[in-house]
Amino acid sequence: LYEEKFSKKIVQYTLLTYFSLNFINNLAKVGKKLEKEISNLKKASKLKYDTDYASINLPFDDVSNVKKIVREKIRLKPEYIVLIGIGGSNLGAIAVFEAVLGKLYNQMSAKTKFLFLDTVDSDSVENIQRVVEPVLRDGKNILVNVVTKSGGTTETISNYLVMLKLLRKYKKDYKKYIVVTTGKDSNLWKIANDEGFSLLEIPEKVGGRYSVFSSVGLFPLALLGIDIDNLLKGAAIMQQRCLMQFNNNPAATSAAIHYILNLPMSNLFLFSNDLESVGKWYKQLMGESIGKEFTKKGKKVNNGITPTVSIGSTDLHSMAQLYLGGPYNRLMTFVRMHHNFSLVKVPVYDKYSKLVENIQGKRLKDIMNAILYGTEEAFKKGKRPFIEIIMPDKSEYSIGQFLQMKMMEIMYLAYLMDVNPFDQPNVEHYKKETKKILKNS
Ligand code: PA5
């Protein structure tokens, strides 16, 4: 239905669905409707941080302050970076870290390792203490980056105080091992300023789940050696594409397909292990942005599409029966790599040649593609809709494009569903209730 072929460095989209002429007509109508929102985003792209769409301008921002603090802190030669934050304040950084450097980076690299603390699971927190305490005891360094826009998230502040105590125990000059990333109006900003910690600002109009290209994501990623310039270049080129007219706009087209199909679930099927955390990031993006009790004008709708994530081919062995035989209730988006950095092949051993035929001597990448194409064929036969996204590779440039495309897709989808993609009023409810309970306990 919709196919784009760009140079090998650009993420490609093949949006395939199996629908009637009616669907095609609907797509044209919805496309027309979206032109208004495309033009709203275009206007916002000229207004920097003054509108709710502020995050689309992050890829063009000046990042010299982030780089300056990175240079300063690299001189401390930290053995570990401990990122403390939750939800929008850590999911983006983890997603890019794992995609670019690989999930096994900590085990493979002698360089700075990455740990993160999000929830207040005392066992996990203690395990992290057990990992970093010997490092501090040996006189080596760690760096703590606490990220919280509000400065008042229960889990983040609890975990921060635990790490602060540990740092204070081993470092007289503990202040230089802490970098605080927060909103300028937060109470944490004031404390960090008083203490003389390095401070990075989160722009007021950039919400957590749209903040990966702000200091929230960029600082820890650059510290880990990720090329943030290329990450932002990828995001910038995709921002431009996603401001184009509907027919050439992958974010708007994917949003329109989601809207027209009106299915209760959207499954991101990632054929790459290292993208699993990209899936977690996407779940928050879609879940929190689209799942809304009220429309923008206050009409009660209880709207939402439930985002799910699968990893190929692993989840085919647990979920394919449901996906191919169960209810017609979800839109699949398959994501595959055009290019893998490694070229592992299955070796040739005659004795084993009959166990599984036609795999020996083949690259794992080609076997993976055969599995994916086989899956797509089965979806076609079952007349089940899917979208295919082909990423050139897992470089910063490709990941930057992918994340930017998804964020803009969600803005377009929210417009069609008449909900505000930038707030999370119901999340605030449980946060307030938790604080009340803690007050009385
Ligand atoms: O998207 C969001 O707004 C949330 O997921 C927040 O990022 C999350 O609750 C953490 O909030 P904060 O950054 O204020 O600590």
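These are my notebook entries on a predicted model of one protein chain.

**Confidence.** I started with pLDDT. The protein chain averages 93, and 95% of the residues score at least 70. Residues 1-7 fall below 50. I still find 24 contacts for this stretch in the model, beyond near neighbours in sequence.

**K345.** Next I looked up K345. It sits in the loop that runs between β12 (330-337) and α13 (364-381). Is K345 buried or exposed? I get a relative accessible area of 54%. Exposed means over 50%, so K345 is exposed. I then listed its contacts, leaving aside neighbours within four places in sequence. They are G361, K362, R363 and L364. I also checked K345 against D418, 73 residues apart along the chain. Their C-alpha atoms are separated by 49 Å.

**Helix α11.** I tested the length of α11, residues 276-290. With 15 residues at 1.5 Å a residue, the helix should span 21 Å. Its end C-alpha atoms are 21 Å apart, so the two values agree. I noted buried residues in α11, among them S277, V278, G279, W281 and Y282. Q284, L285, M286, S289 and I290 are buried as well.

**α5 against α6.** Last, I took the pair α5 (residues 122-137) and α6 (residues 154-170). They pack at an angle of about 20°, with their axes 10 Å apart. Angles under 35 degrees count as roughly parallel, so α5 is roughly parallel to α6. From α5, the contact is made by V125, Q129, V132, E133, L136 and R137. From α6 I list N159, V162, M163, L166, L167, K169 and Y170. I record the crossing of α5 and α6 as right-handed.

Definitions and conventions:
Residues numbered from 1 in each chain as written. Predicted model: local features only at pLDDT ≥ 70, side-chain atom pairs only at ≥ 80, totals over all residues. Heavy atoms only, no water. pLDDT = per-residue confidence, 0-100. Contact = heavy atoms within 4.5 Å. Helix = DSSP H or I, 4+ residues; strand = E, 2+ residues; numbered from the N terminus. Buried < 20%, exposed > 50% of the residue type's maximum accessible area, 1.4 Å probe, protein only. Expected span 1.5 Å × (residues − 1). Axes fitted to C-alpha atoms, helices over the stretch in contact; angles between N-to-C directions. Parallel < 35°, antiparallel > 145°, perpendicular 65-115°, else oblique. Left-handed = near helix turned anticlockwise from the far one by under 90°.
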